[in-house]
Amino acid sequence: MSRVLLELDHVSVSYGSVPAVRDLSLEVAPGEVVGLVGSNGAGKSTTLAAIMGVHRLAAGDILFEGISIAKEQPDAIARRGVALVPEGRHIYPDFTVEDNLRLGLLGRSTREGADRDLEWVRRLFPAIADSSTRMAGLLSGGQQQQLAIARALVSDPRVLLLDEPSLGLAPSVVDTLFDALAEIRDKGVAILLVEQRAQLTVAFADRTHVLRNGDLVLTLGPEDVVDTERMTQAYFG
Amino acid sequence: MSFVQLLIDATALGALLALVAMGIALVFGVMRLVNFAYGELITIGAFTLVLTKGWPIVLRVLAAFVVVIASSLLMEVIFRPLRRATAATMLVATFALSFLLQNMFLFIFGPQGETIEFLAPLNRAIEIGDLRIRWITIIAIALGAVLLGFMSWLLGKTSVGLQMRAAAADFTTARILGVRAGRVIMLAFVLSGFLAAAVTLVLAVQRPLATPNYGFVVLVPALVGVVVGGLGKLVPATLGGFAIGFATVVLGDLLPSGSRVFLNSVLFAIVIIVLLVRPDGLFTGRTGVAERV
């Protein structure tokens, strides 16, 4: 098995003639957290959508365990073990919480351990455990976000892509979330984390790439968390 | 006509159009495709029964199911290159297929059509007091109840149903979660073909002359029902189909006999008013679920 689980090799993505991501290369290994930060429109969400097969690449390649997945359909990529917590949650508001979680199970390669994982996410996010028969649309914004994360976790992912998971969460729940991410990382899952909370991300991730207008302009390590000036410089140019 | 008699007849047509509406809504849900050629599946079923005259009934029923479901799957193959096309392109394509098929039937079977000769004795009525109920009316209601019950079980209680509902509600997210898009779309066409075949069997008894526009005349009111009920959601669309069928019979009874020719005018006037008041559909729920922040 290749040491690197997910590799972006000089990836470019465009919306029509407008480039959204340019010549981006990055790697995530098992048990590693890689952060992706930048201002709005920097290309962070586009990168995650491209990995998931939702956007086609204009150039470059995306490799999972050394195999190109750039031309695969999103459902095939999901079943390989890549899970995305999309921006804006995208839970099913008219479905019960339980049904939303059951949809997460579709990405699993095996049903074995599914009940254990369901138990685990219910312990992680007690608020959703208490509402399993409620319509997901009736949950609070923070609870919906927890449900979106829980849904990704029960798919037993090998690569977890998170698009602003802390958005709309109360600070105590953000702590819970990052504790959970640490637990997932320690299980050997590769995590690619897009966040607005740059400092939190830099401190938590093994590496954090700063994107600006689709270009990777800077890579920071946890030791750079105190260097806010450098980060601000990279954000705004 | 007595009130109970009216209720029974209205329910029978409602059940039939509910099945057609569900067949349309199933495919629309997963492909955002309004299949105008859906009526032609019913016509294909009718002509299958015409061509199998003289066969044992069981074989004719089986042949109708096989041919209609296979035709539905063939439509899926035809529409496959259009999955990423705009809604307007898909709509025009289904229109084109519908008219192509209708003219093929015209060419092969002629404008007069052919008699189907399928289970005609089911048109006999049983009399209970002053009620006269045809056997096929009872069968239509029972079949509607059984099939709608089956579909509701399939969609509500099974994993494949959950996947179909997810694909219908938010296709991109469903794929991201691992729902196999191709398989779900194919299943939607199989199920909608299955419903079309079931509708054919009831219609073949009630309207025993197969003409080139045999299914199209059923498709139009059902499609109106789908829009009135709420396009894009299975239960509201199905209820819309039922409501149109039900309203057609009730209005037909309420209108003075000399004014029956205006039945469609009155019906469509009501539809226009409904859509003006509830543009998202009659059964979609006004409040829905508010966006949470």
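In this predicted model, strand 1 (6-15) of chain A pairs with strand 2 of chain A in the antiparallel sense, over seven bridges. Within this pairing, A:Val11 is placed opposite A:Leu24 of strand 2. The two strands form a hairpin, and two residues lie between them. In that turn, A:Gly16 has a positive phi of about 65 degrees.

A:Phe64 stands opposite A:Ile67 in strand 5. Strands of a sheet pair through backbone hydrogen bonds, either parallel or antiparallel.

Taken together, these pairings give an open sheet of four strands in chain A, with the order 2-1-4-5 and antiparallel pairing. Strand 2 (18-28) and strand 5 (67-68) stand at the edges; each has a single partner strand, so one side of each is left without a neighbour in the sheet. Helix 1 (residues 44-51) of chain A lies across strand 1, strand 2 and strand 4, and runs at about 65 degrees to strand 2.

Chain A also contains a parallel pairing: strand 6 and strand 7 are joined in this sense over four bridges. A:Val85 stands opposite A:Leu162 in strand 7. In a regular strand the side chains alternate between the two faces of the sheet. In strand 6 (residues 82-85) of chain A, A:Val82 and A:Leu84 point one way, whereas A:Ala83 and A:Val85 point the other way, and all are buried.

How far apart are the end C-alpha atoms of helix 7 of chain A? They are 23 Å apart, which agrees with the 22 Å that the 16 residues of this helix (residues 171-186) should span at 1.5 Å a residue. Buried in helix 7 are A:Ala180, A:Leu181, A:Ile184 and A:Arg185. These residues cover an arc of only 140 degrees around the axis, which means that they are on the same side of the helix. On the other side of helix 7, A:Pro171, A:Ser172, A:Asp175, A:Asp179 and A:Asp186 are exposed. The buried residues pack against strand 3 (33-37), helix 4 (114-124), helix 6, strand 7 (159-163) and strand 8 (190-194) of chain A. Just after helix 7, A:Gly188 takes a positive phi of about 100 degrees.

Of its 14 residues, 12 are buried, so helix 9 of chain B is largely enclosed by the rest of the structure. Among these buried residues are B:Phe216, B:Leu219 and B:Val224. The elements against which they pack include helix 1 (3-31), helix 8 (181-206) and helix 10 (234-254) of chain B. B:Gly230, whose phi is positive, near 140 degrees, follows helix 9.

Finally, the two chains meet: 26 residues of chain A are in contact with 17 residues of chain B. On the side of chain A that touches chain B, the elements giving two or more residues are helix 2 (74-80), helix 3 (97-104) and helix 6 (141-153) of chain A. The residues on this side of chain A divide into 12 nonpolar, nine polar and five charged.

Notes: Residues numbered from 1 in each chain as written. Chains lettered and ligands numbered in written order. Predicted model: local features only at pLDDT ≥ 70, side-chain atom pairs only at ≥ 80, totals over all residues. Contact = placed C-beta atoms within 7 Å. Nonpolar A, V, L, I, M, F, W, Y, C, P; charged D, E, K, R; others polar. Expected span 1.5 Å × (residues − 1). Buried ≥ 20, exposed ≤ 12 C-beta atoms within 10 Å, placed from the backbone. Arc of directions from axis to C-beta. Pairing = 2+ DSSP bridges. Axes fitted to C-alpha atoms, helices over the stretch in contact; angles between N-to-C directions.
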